[in-house]
Amino acid sequence: MMEPTSAYTPSPTRYDAMTYNRCGSSGLKLPAISLGCWHNFGDHTPFETMRQLTRTAFDHGITHFDLANNYGPEPGSAECNVGQLLRTDFAAHRDELIISTKAGYEMWPGPYGDLGSRKYLIASLDQSLKRLGLDYVDIFYHHRMDPETPLEETMGALAQIVASGKALYVGLSNYDGPTLEKAAAILDELQVPFIINQNRYNIFDRTVETNGLKETSQRLGRGLITFSPLDQGLLTDRYLDGVIPSDSRIATDGRFLHAGALTEDKLKQIHDLNNIAAMRGQTLAEMALAWLLHDDAVTSVLVGASKPEQLLANLKALENTEFTDRELSVIKFISLA
Ligand code: NDP
């Protein structure tokens, strides 16, 4: 099948307003805001929407697109769709992009399509590269801890992947502090460029503050890219009035964010946080992203977007990432209430 042609010339000012943060103590810099392709890049989204999302991102200096083997629906389709865009729109710009993918959750039936065996990780990345149409990804992640596979085996697979040239750097996702520290020691011994952790972190979910991940990542000189920084849309004006818009993630997907999340208590928290944001002259989404970017441990926030306008709105967070101690304590008080 012929791929749609594209006459895309990226904005010449694309690097002017973005901040690039060093990823831990590595040589790699990432944009403060990166684009996640978990939702809105599967087969249910019009290709033109994906095209506008990636173009809008790149035109504004968002040089990092994040994927995983299972992103869809159907699993694998996000890599196929982004792969198509890399060919039709970004072929001349591969070296300006950081493309990441992952393996760790269930991808194919049977014992070799899940978790953390060498068999799974190496086969999965080979499949991902085919879908993406790439020779290598910039970052390959182990997607989640696997308590049954020896850490030495999983880390050994990451080492082999880098040695074979199929990934430039590796990362760990959804690890906790103690497991991260053990994994880092193995990877350091094997001289593997393990530069980044990818974890859920937002005003409502502070697990990385209590499971040792944030402290360990920073102490070991690793970067931290935070996923679901807007708590899948709860930390925006999407559900502020308690109504579920028909084009929202809750209404259109519902697999990972359900109407049940909008309890009275949650809506009150959202309202109270929105008032703080307004006092700062920001939208709730801007404040939620700025709250993460204010933190020295955070390299980049990994946002999702269903429309290019959301990405443009989120970029405004970069205009004010300063917080007073009082603002920080009020935000904490509200979010833990
Ligand atoms: P977010 O918390 O940024 O949620 C994105 C959603 O919020 C959008 O789809 C949109 O929802 C809404 N939104 C975004 N901006 C605005 C705005 N300005 N105004 C109003 N609503 C807005 O992140 P995701 O949960 O999508 O995760 C981001 C990325 O993180 C993923 O794509 C993936 O790359 C990564 N990730 C990694 C995981 C891991 O295990 N490593 C797990 C989960 C995510 P709507 O559709 O309603 O418009």
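This is a predicted model: local features need pLDDT of at least 70, side-chain atom pairs count only at pLDDT 80 or more; totals for chains, interfaces and linings use all residues.
**Exercise 1.** Find where asparagine 174 is, and state whether it is buried or exposed.

*Solution.* Step 1: asparagine 174 sits in the loop between strand 7 and helix 5 (177-189). Step 2: its phi is positive, about 65°, although asparagine 174 is not a glycine. Step 3: there are 20 C-beta neighbours inside 10 Å, so asparagine 174 counts as buried.

**Exercise 2.** Describe glycine 281: is it buried or exposed?

*Solution.* Step 1: glycine 281 belongs to the loop between helix 9 (264-279) and helix 10 (284-293). Step 2: glycine 281 is exposed because 10 other C-beta atoms lie within 10 Å. Glycine 281 and asparagine 320 are 39 residues apart along the chain, and their C-alpha atoms are separated by 9.3 Å.

**Exercise 3.** Which strands make up the closed barrel, and in what order?

*Solution.* Step 1: the closed barrel has eight strands in the order 3-4-5-6-7-8-9-10, with parallel pairing. Two strands pair if DSSP finds at least two bridges between them. Step 2: from one strand to the next the twist averages 30°; axes are lines fitted to C-alpha atoms, for helices over the stretch in contact, and angles run from 0 to 180 degrees between N-to-C directions. Step 3: look at single pairs. Strand 7 (residues 167-173) and strand 8 (residues 194-200) are parallel and share four bridges, and leucine 172 has asparagine 197 in strand 8 as its bridge partner. Strand 9 (residues 223-227) pairs in the parallel sense with strand 10 over three bridges, where isoleucine 225 has serine 300 as its partner. Strand 3 and strand 10 run parallel and are joined by three bridges, with serine 34 opposite leucine 302. Step 4: check burial. Six of the seven residues of strand 8 are buried, so strand 8 is largely enclosed by the rest of the structure. In strand 10, Ser300 and Leu302 point one way and Val301 and Val303 the other, and all are buried.

**Exercise 4.** Work out how far helix 1 reaches, and what it packs against.

*Solution.* Step 1: helix 1 (residues 47-59) has 13 residues. The expected span is 1.5 Å times one less than the number of residues. Step 2: from first to last C-alpha, helix 1 reaches 18 Å, close to the 18 Å expected. Step 3: the buried residues of helix 1 include Met50, Leu53 and Phe58. Step 4: the buried residues of helix 1 pack against strand 3 (33-36), strand 4 (64-66), helix 2 (77-88) and helix 11; contact requires C-beta atoms, placed from the backbone, within 7 Å. Step 5: glycine 61, with a positive phi near 85°, follows helix 1.

**Exercise 5.** Which residues come nearest to the ligand?

*Solution.* Step 1: a residue is near a molecule or strand if its C-beta atom, placed from the backbone, lies within 6 Å of it. Step 2: of the 30 residues around the ligand, Gly36, Trp38, Phe227, Leu230 and Gly304 come nearest. Step 3: strand 10 (300-303) and helix 11 (308-315) are the elements giving two or more residues to this shell, and helix 11 gives the most, with three.

Definitions and conventions. Residues are numbered from 1 along each chain as its sequence is written. A residue is buried if 20 or more other C-beta atoms lie within 10 Å of its own, exposed if 12 or fewer, and partly exposed in between; C-beta atoms are placed from the backbone. Two residues are in contact if their C-beta atoms, placed from the backbone, lie within 7 Å.
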